[in-house]
Amino acid sequence: MTVQFIGKAHPRVDGPLKVTGRARYSADFNQPGQAYAVIVSATVGLGRITGMDSAAVERMPGVLAILNHTNAGKLPYRPHKAGIDPAEGERLHVLQDDAVRFHGQPVAVIVAETLDQAERAALALKVSYEGRKPIVDPMDPGAQKVIPDAAKRPGARTVADKGRGDADAAVASAPVRIDQRYDIARENHNPMEPHATVAAWDGDRLTLWSKSQYLVNEQAEIAAVFGMPVEKVRVICPFIGGAFGTSLRTWPHVTLAALAARHIGRPVKLVLTRKQMFFTTGHRPRTLQRVALGASSDGRLLGLVHEGAGETSRYEQFTEALTSITDFMYSCPNLRTEYRLIPLDTGTPNHMRGPGESSGAFALECAMDELSYALGLDPIELRRRNEPKLDESENRPFSSRSLMACYDLAAGRFGWSRRTPQPRSMRDGRLLVGMGAATASYPAFHAPANARVRLLADGTAEVEAAASDMGPGTYTSMTQVAAEFLGLPPERIRFRLGQTDYPATPSHGGSWTMASVGSAIRAACLAVREELEKLAIADQRLPVFGATLDALEWSGERLQRRGEPSSGRSYAEIVTSAGRPIEAAGSAQRDPNVASRYSMHSFGAVFAEVAIDPDVGTVTVRRLTGAYGIGRVVNPLLARSQCNGGMIGGMGMALMERTALDPRDGRPVNAHMADYLMPVNLDIPKLEALFVDEADPHVNPLGVKGLGEIALVGTAPAIANAVFHATGKRVRTLPIRIEDVLAG
Amino acid sequence: MLPFALEKARSTEDAIAAAAAGARYIAGGTTLVDLMREEVERPERLIDINALPLKDIHADGSDLVIGALARMAEVAAHPEVKRLQPVIAEALIEGASPQLRNMASMGGNLLQRCRCPYFRMLDAACNKRAPGSGCSAIDGLNAGNAILGTSASCVATHPSDVAVALVALGATMRVRGPKGERNLAVEELFRLPGDTPHLEHTLLPGELILDIRVPAGPYSRRARYLKVRDRASYEFALVSAAAALHVENGRIRSARLAVGGVGTRPWRLKACEEALAGKPVDRASFEAAARLATQGARPLSHNHYKVELLPRTIVRALEMAGEVA
């Protein structure tokens, strides 16, 4: 496939809107007559509501309604489960009973004329509870590991136990062994834009302007909650101010906004506070892992055991791919992976950028690094010696795998050859300098998607899909795809997303938007050209009238008789002659035969350099270099931007991010942008993202493998490995803190 | 946020009269407004003092005088501050974020409220916010809390960076109230929590900080501020130290040392200062002195690391001060 627009560094088409404040986010869609809703969150971590002094608050100025479990009414909550929902368990049914399942659970919603009045009433509302001590720490003796129920069903998506050979025996008898445990803190997504919903009813029809990475599911879920036909619900979300996975699911506040609007018969706006974004909008689960490696003295893996467990709530079993990439990452005849859940008295976790894979890669890649020291082998050489020829867990070839090409490219750019292997051997003045590397991987997913293209008489095209753009540049990249397959310059294409009126797409997550929606747009573009060909040969006013389809050819946007440019007519001319816009739909999904023949994943190699103050233990990341094999790069500007964000997220995971829960009541004590640490500009080092040339004809017609998630995977272990190289101190808990570096 | 009345003071006398009648002073508002939005602070009347002529920064002989309304960013960038007391500029730049430094006044910085997480949670017990309700931090998540000067009622850390430098340098303040003007040492501004942690400072009702005077000392040029924290900006100190050395013929004649992030107020370490006097300017002297810093420290369940980090930070800050040409 030779390309004209795909692969170009096209600036963001929505950039001017964003930098001039004209991009409208969910909370910007104020409606006439709108009232304001504020959620009252539970202040105990477990128990039940015993009373609520609503009467006193109802008399406060501007208060229109106080909804709680005694007056909200029974909501239908019809069964609804999307792929993004946990396979087992049932979503939180909000305001349906007096039970408090976790700290911060919504117990009431206040509706008032102004936001200020609603906030004051929410603070004034006295709620009494019968509270019990929750269990929120997976290390608590009362916490129990369970096998995910979803893995117990035949043909289950979730795999709890997987393996080949006898891994434990192979590790036990191997000449060189590593056996370590890893603990990664709970993290919250903390995008800049808070969750927000404006809900407006028109008779029995509901419109939601609501922050969502999965509009068609929000539509279906709210329809199920309220027991109404799907087509009566519209969801609109043209812009997202960052999400990282937190808006994949439809959380209770959307239901509460719709409920409040219905109750008062007016549009209602509900925006979560920063603190509330630590309660009911998911989080990266805390994980506990063990990795045991056994190797021959020349560095061949003989046995590999990876056990992992993640926290979940009591009412849903959230699962993620914690140990999955271990199955195929390296060549190893004896391998066992185990995945468990630890139900706790918390809200349900959800996917956070690089879910599972980034946590699992931390354990695996730190253990591999540790093994390289035990063997006295360069960490990259260790990976090279265990590079598999095929996916040994599925016994099928990779559709493409550029891991060692990534290592070579990144190592060269990073200057890995300057590294002296011995820990504490590199210094810059009084600072200890360390270099570390780690492998990244993420599956090349593809989900069924749809799109629509409309050619207009003025020679422009409208392209529509119910997709989202949380920041990767979907508006821009899809415009490039449409330009490519329509043969039109991007300036003449208007790509629209963010409405359930448009053709359905999968969730905007899992790095599959370009693979899925991009392929659907391609299909729609090809379909509309075919439609145009049929119209043209039947149109007496056009020179191609009467030609057979195989006698036609396209020259850019001009349709002509083969070899006869003078017979060519543009989209504008053909559409004008037809007298109506020409529209076609397209859809795409992965051919199941191809899917079963190949193992499809992206790979990457991440390098980190850190400088550590040996007196006070501060860790400064000086450089991060990543090289990725992600198939075709649609837009290198956007791709590098994706990687910059992912690496910064990985830095946060490595050194800063941690939601700290008070074990007495499950309260997050740092639910605040000042106290939940993420890198600030001054922390962020020189970042470099490189892409290896990789043609993958199998993954999808565009040859793209996705980039959003893998950009975070691998960074945290690269930094942790660099910390070890600098100090000789192996830290196996994240985030790595000064006290960990200083600890004896 | 609860409703409140806001008045603009046209003169210092106006302002003091309003405050004596119960109004709260507001300058940059970076602490107060933040806490009002969460209803941790609930003032009914605010008196805006931003128009008062208290912004001047100048040298008075070899002393440095900083108006209470000078902004952190202005002070940090001021040539006289850099010339006379560079450690003040250094401490200010390490504090807060650029946006906050542009707004926050020097007087407000000294009087900022603590950053104990439970202080900000209306539904958690906190003796500082609600006297008599108890302390959630003592048995809670207290990694950021103090190890020095704590009581059974409160373990909150004083958050200011520049206050640590001012205390080390022996700065004084001019304050004026309904009963007239007086001077007091910055160090004496701060109370220990004892069993009244809601009383944080020694200002009398209505008293207004006019300016801060930093006396010249032979150690002023050899002074450094080191802040150890989990990220490079917009984060409070785990431990910080302001260290100043007066060196003659390779020996320490006198030293000034105060630390932050560990005390319930900016913590002057006179015992360490005395231990340094007469010693050679070397790491052994610094380490010996720093060992005295944790005398009487009472670590909590999650902040034992501060007992280790405090002397390390002091040693490094003294080394930095010793290296200043």
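Which domains does the domain assignment give for chain A? The assignment lists domain 1 (31-132 + 192-242 + 247-278), domain 2 (150-186 + 283-445 + 596-742) and domain 3 (447-589). Before we walk through them, please keep in mind that this is a predicted model.

Let us begin with domain 1 and domain 3 of chain A. Taken over C-alpha atoms, their centres are separated by 40 Å.

On α5(A), the contact is made by Glu218(A), Ile222(A), Val225(A) and Phe226(A); on α6(A), by Val254(A), Thr255(A) and Ala258(A). In terms of class, this contact has 5 nonpolar residues, 1 polar and 1 charged.

Next, turn to helix α11 (residues 474-486) and helix α12 (residues 513-537) of chain A. These two pack at an angle of about 35 degrees, and their axes are 9 Å apart. Here α11(A) passes α12(A) in a right-handed crossing. To trace the contact in your view, pick out Thr474(A), Ser477(A), Met478(A), Val481(A), Ala482(A), Phe485(A) and Leu486(A) in α11(A). They meet a set of residues in α12(A): Thr513(A), Met514(A), Val517(A), Gly518(A), Ile521(A), Arg522(A), Cys525(A) and Leu526(A). The residues of this contact divide into 10 nonpolar, 4 polar and 1 charged.

Another helix pair in chain A is helix α15 (residues 636-655) with helix α16 (residues 715-727). Their axes come within 8 Å, crossing at roughly 50 degrees. How do α15(A) and α16(A) lie relative to each other? They are oblique, therefore, given that angle, and α15(A) passes α16(A) in a right-handed crossing. From α15(A), Met647(A), Gly650(A), Met651(A), Met653(A), Ala654(A) and Leu655(A) take part, meeting Thr715(A), Ala716(A), Ile719(A) and Ala720(A) of α16(A). By class, there are 8 nonpolar and 2 polar residues here, and no charged ones.

Some details of the backbone also deserve a look. Most residues other than glycine have a negative phi, and most peptide bonds are trans. The peptide bond from Leu734(A) to Pro735(A), however, is cis, with omega near 0 degrees. You will find Pro735(A) in the loop between β32 (733-734) and α17 (738-742) of chain A. Leu95(A) has a positive phi, near 55 degrees, and lies in the loop between β4 (88-89) and β5 (99-100) of chain A. Is Leu95(A) buried or exposed? Leu95(A) is buried, because 23 other C-beta atoms lie within 10 Å.

Finally, we come to chain B, whose domain assignment gives domain 1 (5-50) and domain 2 (223-323). Their centres, over C-alpha atoms, are 36 Å apart. Chain B has a residue with positive phi too: Glu39(B), with a value near 60 degrees. Glu39(B) sits in the loop between α2 (32-37) and β3 (45-48) of chain B, and is partly exposed, with 14 other C-beta atoms within 10 Å.

How many residues of chain B are in contact with chain A? There are 22, and they contact 23 residues of chain A. Helix α12 (residues 305-323) of chain B provides the largest share of this side of chain B, 7 residues. By class, the side of chain B that touches chain A has 11 nonpolar, 3 polar and 8 charged residues.

Technical notes: Residues are numbered from 1 along each chain as its sequence is written. Chains are lettered from A and ligands numbered from 1 in the order in which they are written. This is a predicted model: local features need pLDDT of at least 70, side-chain atom pairs count only at pLDDT 80 or more; totals for chains, interfaces and linings use all residues. Domain bounds come from an automatic or database domain assignment. Two residues are in contact if their C-beta atoms, placed from the backbone, lie within 7 Å. Helices (H or I, at least four residues) and strands (E, at least two) are DSSP runs, numbered from the N terminus. Ala, Val, Leu, Ile, Met, Phe, Trp, Tyr, Cys and Pro count as nonpolar, Asp, Glu, Lys and Arg as charged, and the others, Gly among them, as polar. Axes are lines fitted to C-alpha atoms, for helices over the stretch in contact, and angles run from 0 to 180 degrees between N-to-C directions. Angles under 35 degrees count as roughly parallel, over 145 as roughly antiparallel, 65 to 115 as roughly perpendicular and the rest as oblique. A crossing is left-handed if the near helix is turned anticlockwise from the far one by less than a right angle, and right-handed if clockwise. A residue is buried if 20 or more other C-beta atoms lie within 10 Å of its own, exposed if 12 or fewer, and partly exposed in between; C-beta atoms are placed from the backbone.
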